[in-house]
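This report is meant for a reader who is meeting the structure for the first time. Please look over the sequence and the model below before reading on.

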Amino acid sequence: MNTRFARPAAAAAVTVVMLGSLSACGGDDAAAPSGKVVVAGHEVAKDPALHDLLPEKIKKAGQVRVATDVPYPPFEMFVKEGEPTLTGLDYDLGQALGAKLGVRFSFTPQKFDGIVPAIQAGKFDAAMSAITDNKDRQEVVDFVDYSQSGSGILVAEGNPAKVATLDDLCGRKVAVQAATNQLDLLKSHQAACSAAGKGQIDIQTFPKDSDAQLALRAGKVIAQVLTKPAAGWVAKTAGNGATFDLVEDPAAPGGYNASPNGIAVSKQLPELTDAILKALQALIDDGDLVHIYDKYGVASIAVPRATKNAAVD
């Protein structure tokens, strides 16, 4: 399935393949950050004006209580299996937003289907878990949208088949995990292949993304289609970045059929939503957001402007 409508089986597979490539981003505690905060190699400084926008209860607590469902690479991961320390794009972004706002974003693992109810119950102030911003969810939470992500194309290092767009998959063998939005994408593109006078995509389905990647390694297929964030992370980390490449189609920077991912915030805390929105924009303006995304191989899914409730459904 696509990003966080439901967790794809691929999430666990990528975790297994990439384990050992993760780096710690620091620990969690309830105290507000003090001193220098460095995220993705860049210092993020507190903005007193943004801090003043926070609700009094957040200022007093010195923290934003954040729910997250782990693992879902590259958005949220454990630094080491069996230990609680977190890493990942969402975690790093949370630390940067907290540093900018002068509070700590304290992450707590929570099963995905229980995240929104837990926010409604007041157990959390917000959630950062690659959540797709859609209109149904907007009925109960507000979103600050921070990325656009859809499906991406993974190819062998050096892109020997010269794949640049979905059209280049026509008439060729392509790997994809079964029962996913990415499989639906390939099936729906067959009509475009026919209209262009090209052969049908020879779709090779696999039970797990890791199996599809083995086929790509072995040259049995010329590409794999999976979620773009996962594709970027695999390209950046497998074989220390020397095994796969991510195809960047300028016409689909966030991936094909991209939709916004948002930070879900309690509707009881509109001031927090506004503060996070402005802090995110400050990270964009400073260039810090792209540095965080680039660390995980997915700089192209970063939004150029912070938005609120920008669902496309």
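## A covered helix and its links

In helix 10, the residues Lys228, Pro229, Ala230, Ala231, Gly232, Trp233, Val234, Ala235 and Thr237 are buried. Helix 10, which spans residues 228-237, is thus mostly covered, with nine of its ten residues buried. After helix 10 comes Gly239, whose phi is positive, near 60°.

The structure discussed here is a predicted model, and the confidence of the prediction deserves a word before further details. The mean pLDDT of the protein is 91, and 89% of its residues reach 70 or more. Over residues 1-29, however, the pLDDT is below 50, although this stretch has 87 contacts in the model beyond near neighbours in sequence. Where pLDDT is low, the predicted coordinates should not be read in detail.

### Salt bridges

Side chains of opposite charge can pair when their charged atoms come close.

| Asp92 | Lys295 | 2.8 Å |

The salt bridge between Asp92 and Lys295 links distant parts of the chain, with Asp92 in helix 4 (residues 89-101) and Lys295 in helix 12 (residues 288-295), 203 residues apart. Asp92 is buried, with a relative accessible area of 2%, whereas Lys295, at 25% relative accessibility, counts as partly exposed.

Glu248 is partly exposed, with a relative accessible area of 40%, but Lys228 is buried, with a relative accessible area of 2%.

### The disulfide

How many disulfides does the structure hold? The structure holds one, formed by Cys170 and Cys193, whose sulfur atoms are 2.0 Å apart. Cys170 lies in the loop between strand 8 (141-156) and strand 9 (173-177), and Cys193 lies in helix 8 (residues 190-195), so the pair ties together parts that are 23 residues apart in sequence. The torsion about the S-S bond of Cys170 and Cys193 is about -80°, and the disulfide is therefore left-handed. Both Cys170 and Cys193 are buried.

### A serine in strand 13

Strand 13 covers residues 256-266, and Ser266 is found in it. Is Ser266 buried or exposed? With a relative accessible area of 8%, Ser266 falls under the 20% cut-off and therefore counts as buried. When residues up to four places away in sequence are not counted, Ser266 touches Ile119, Asp125 and Thr273.

Technical notes
Residues are numbered from 1 along each chain as its sequence is written. This is a predicted model: local features need pLDDT of at least 70, side-chain atom pairs count only at pLDDT 80 or more; totals for chains, interfaces and linings use all residues. Side-chain values use heavy atoms; hydrogens and water are left out. A disulfide is a pair of cysteine sulfur atoms within 2.5 Å. Helices (H or I, at least four residues) and strands (E, at least two) are DSSP runs, numbered from the N terminus. Buried means under 20% relative accessible area, exposed over 50%, partly exposed in between (1.4 Å probe, protein chains only). pLDDT is the predictor's confidence in each residue, from 0 to 100. Contact means heavy atoms within 4.5 Å. A salt bridge is a side-chain nitrogen of Lys or Arg within 4 Å of a carboxyl oxygen of Asp or Glu.
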